[in-house]
Amino acid sequence: MQIENYREEDAGRVYELWNSSGVKQGYAAFDYSEFEKTLVGHPYFQKAHAFVLKTDTGADSGKEVCGFVCGCEGENLPFGRERGYFTCLLLEEACDNQEATELLLAALEDSFRKTGKTCVASTCFNPMKLPWYVPGTEKHQHNNAPGIATDTPLYERMKAFGYQDRNSECAMYLDLEQLRVPEGIEELKEKALSEGYSVEWYDKEKHFQLREMVEATGNSMWIEEIPYAAEQINMLVAVKEHQVAGFTGPVYPEKTGRGYFAGIAVSPLHERHGLGTLLFIRLCEEEKKAGARYMSLFTGVDNHAQKIYREAGFTVKRVFSVMLKELV
């Protein structure tokens with residue numbers, strides 16, 4: 001077996017690996033145009049950080065691609081000066097083992113070292129978003145994986161090669177036909193109203209301090225997405241005297257039928273008024289009205305918001321590990 005840098009003529013074989021090895025790992029199957037758009041034609045696909053593993057076929061055709069790995073980097077990404085981001089690793093069944101996995105990971109790590117990176121990470125900050133199927137559903141998709149699925153051989157192999165768990169993310173799912181409105185929600189809404197709070201559609205002419213509230217969370221993905229989305233797409237906000245106290249959304253069905261969900265947050269200045277619950281239940285109701293058939297989301301294993309999701313009927317379908325390895 002030998003490692004080579006990815007070349008465009010390898011695309012067809014990597015496409016085959018995606019729809020075999022990738023789907024076996026849980027990723028969504030692609031047609032070729034989706035494969036190009038999502039992986040090898042993505043703006044962050046970098047040939048310097050993409051490698052194929054080849055094995056001798058014993059025939060006149062020489063060596064055959066049996067594995068693939070890629071990652072990406074960029075100083076404009078979160079922690080971009082020190083981190084390279086792992087994207088995916090694919091191996092055909094005949095060479096799907098620890099040795100081949102380590103050969104591919106080592107090549108990727110060496111490529112990051114050459115550009116001065118001191119760490120490789122598998123996290124949601126990777127700009128290359130890879131959709132996966134929610135287990136136990138009719139190929140319902142979530143639009144990104146925030147780490148390595150803990151029910152795959154790759155997870156154990158990466159741990160054996162020095163990757164460490166930094167935290168775990170629960171993938172939660174709900175068929176919106178099974179949406180449950182928690183008991184007492186109307187009383188909670190009335191209580192919030194009596195305290196001056198309401199949940200409304202965001203209106204930039206009416207509501208203020210959304211950007212400031214989002215920036216105070218320190219979440220770089222929200223800071224980039226939410227203020228823009230609020231002006232372009234329907235966004236739900238909790239408000240008091242026209243000041244934004246929390247947000248959720250944006251509200252729109254993806255083409256897969258999934259109700260989009262960027263996140264939910266309530267300002268620490270306005271906690272303990274039930275705003276998180278009110279925002280989330282309203283979000284689910286509005287996504288269903290807009291035509292979404294299901295919702296999926298990630299939350300930390302210890303995140304108190306998981307209680308809100310469970311009360312609405314969401315269940316954990318899969319667990320992903322955010323993994324990092326120091327490059328020494």
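Here are some notes on the structure above, going from the whole protein down to a few residues.

1. **What kind of model.** This is a predicted model, in which local features need pLDDT of at least 70 and side-chain atom pairs count only at pLDDT 80 or more, while totals for chains, interfaces and linings use all residues. Residues are numbered from 1 along each chain as its sequence is written, and side-chain values use heavy atoms, with hydrogens and water left out.

2. **Overall build.** The protein has nine helices and 16 strands; helices (H or I, at least four residues) and strands (E, at least two) are DSSP runs, numbered from the N terminus. The C-alpha trace spans about 80 × 40 × 35 Å along its principal axes. The radius of gyration is 22 Å, which agrees with the value near 20 Å that a compact globule of 328 residues would have. That radius is taken over C-alpha atoms, and the globule rule is 2.2 Å times the number of residues to the power 0.38.

3. Buried residues make up 52% of the 328 residues. Here buried means under 20% relative accessible area, exposed means over 50%, and partly exposed is in between (1.4 Å probe, protein chains only). Of the contacts (heavy atoms within 4.5 Å) between residues at least 6 apart in sequence, 71% join residues at least 24 apart.

4. **A covered strand, β15.** Have a look at β15, residues 294–300: seven of its seven residues are buried. Tyr-294, Ser-296, Phe-298 and Gly-300 point one way, Met-295, Leu-297 and Thr-299 point the other way, and all are buried. As for partners, two strands pair if DSSP finds at least two bridges between them. β9 (residues 164–175) pairs with β15 in the antiparallel sense over seven bridges, and Met-172 stands opposite Leu-297 there. β13 (residues 258–259) pairs with β15 in the parallel sense over two bridges, with Arg-258 opposite Tyr-294.

5. **An open sheet.** Four strands form an open sheet in the order β10-β11-β12-β14, with antiparallel pairing. β10 (197–201) and β14 (263–266) stand at the edges, and because each has a single partner strand, one side of each is left without a neighbour in the sheet. The twist averages 25 degrees from one strand to the next; for such angles, axes are lines fitted to C-alpha atoms (for helices over the stretch in contact), and the angles run from 0 to 180 degrees between N-to-C directions. β10 and β11 (residues 236–240) pair over five bridges, and Glu-200 stands opposite Val-237 in β11.

6. **Cysteines.** Take Cys-72: its sulfur is 7.8 Å from the closest cysteine sulfur, in Cys-70, so a bond is ruled out by distance. Cys-119 is in no disulfide either, as the nearest cysteine sulfur, that of Cys-72, is 13 Å away. Cys-72 is buried at 0% relative accessibility, and Cys-119 is buried at 5%.

7. **Thr-123.** Now for the loop between β5 (119–122) and β6 (132–133), where Thr-123 is found. Thr-123 is buried, with a relative accessible area of 7%. A polar atom of its side chain lies 3.0 Å from the backbone nitrogen of Phe-125. That is a polar contact, meaning a pair of N or O atoms within 3.5 Å; within protein, one must be able to donate a hydrogen and the other to accept it, and residues adjacent in sequence count only if both atoms are side-chain atoms. Not counting residues up to four places away in sequence, Thr-123 touches Arg-83, Tyr-85, Pro-146, Val-322 and Leu-324.

8. **Phe-125.** This residue lies in the loop between β5 and β6 and is partly exposed, at 23% relative accessibility. Phe-125 and Ser-220 are 95 residues apart in sequence, yet 9.0 Å apart in space, C-alpha to C-alpha. Ser-220 is one of the contacts of Phe-125 beyond its neighbours within four places, which also include Pro-78, Phe-79 and Met-221.

9. **Asn-126.** Also in the loop between β5 and β6, Asn-126 is buried, with a relative accessible area of 4%. Its side chain has a polar atom 3.0 Å from the backbone oxygen of Phe-86 and a polar atom 2.8 Å from the backbone nitrogen of Met-128. Leaving aside neighbours within four places in sequence, Asn-126 is in contact with Cys-72, Tyr-85, Phe-86 and Thr-87.

Notes
A disulfide is a pair of cysteine sulfur atoms within 2.5 Å.
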